[in-house]
Amino acid sequence: MFYLVIGSTYRLSLLGVFSAPLVSLMLFIAAIPGVMEANPEKAMKIDPWDEAHAALSVLGYGALGLAAIASVMFMVLNKQLKAHHTKSGLFKKLPPVHSIVVSVVRLTGVGTMVLSAGIFCGLMMKSGGGGAHLWVAIGVWLSYAALLAVWIIRGMTPSKLALSSVSLFVISLLVFAAL
């Protein structure tokens, strides 16, 4: 959903080329037998806070994932510029550096805000939604909020922003995979 909105809005149509391998990997993992339940139980009661928590958290991570992919685009473009490979087809197809950096910042901001709403809904669930999962989610949220605060208040180079965005996303996926 974010790709369809962001890709056309910020002229990042090549974002699909960078995101397709990640999406393919996730779909492959989801197709492995035993990863998903074959016969899930029918839900007798539905907690709206639980549903909102799940939906908003996934959307937040989707935006943060697109920010990480746009950061990879920036790193590829930056490397090509530094190596003076301006004649390649990929270089000509990539959007300007400034557009990529702006989209990374905006996607990180949107992802952090949506993740905030997801965490709030998780706190409002009837089951209480606590424990290690909550603390890890808050830690991820604080990390992204700190990244944005440093970018806005103190400033950092776009290269450090891109590397931080990719690193935070990979670490957050690894931490949640371990839970």
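A contact, as the word is used in these legends, means heavy atoms within 4.5 Å. The structure is a predicted model, in which local features need pLDDT of at least 70 and side-chain atom pairs count only at pLDDT 80 or more, while totals for chains, interfaces and linings use all residues. Residues are numbered from 1 along each chain as its sequence is written, and side-chain values use heavy atoms, with hydrogens and water left out.

View 1. Val166 touches Ala68, Ser71, Val72 and Met75, when residues up to four places away in sequence are not counted. Val166 and Ser71 are 95 residues apart in sequence, yet their C-alpha atoms are 6.6 Å apart in space. Val166 counts as buried because its relative accessibility is 18%, where buried means under 20% relative accessible area, exposed over 50%, and partly exposed in between (1.4 Å probe, protein chains only).

**View 2. The largest nonpolar core.** This core has 25 residues, and those with the most contacts inside it are Ile100, Leu115, Val140, Tyr144, Leu161 and Phe169; a nonpolar core is a set of buried Ala, Val, Leu, Ile, Met, Phe, Trp, Tyr and Cys residues joined through side-chain atoms within 4.5 Å. Two or more residues each come from α3 (48-82), α5 (97-124), α6 (132-154) and α7 (158-178), helices being DSSP runs (H or I, at least four residues; strands are E, at least two) numbered from the N terminus. Tyr144 touches Leu64, Thr108, Thr112, Ser165, Leu168 and Phe169, again leaving out residues up to four places away in sequence.

**View 3. A nonpolar surface patch that includes Phe28.** Leu25, Phe28, Ile29 and Ile32 make this patch of about 380 Å², with areas from the Shrake-Rupley method with a 1.4 Å probe, only the protein chains shown counting as cover for residues. Phe28 lies in helix α2 (residues 15-31), and it counts as exposed because its relative accessibility is 56%.

Notes. Patches are made of residues with over 30% relative accessible area and no salt bridge: like charges are joined within 9 Å, nonpolar side chains (Val, Leu, Ile, Met, Phe, Trp, Tyr) within 5 Å. A salt bridge is a side-chain nitrogen of Lys or Arg within 4 Å of a carboxyl oxygen of Asp or Glu.
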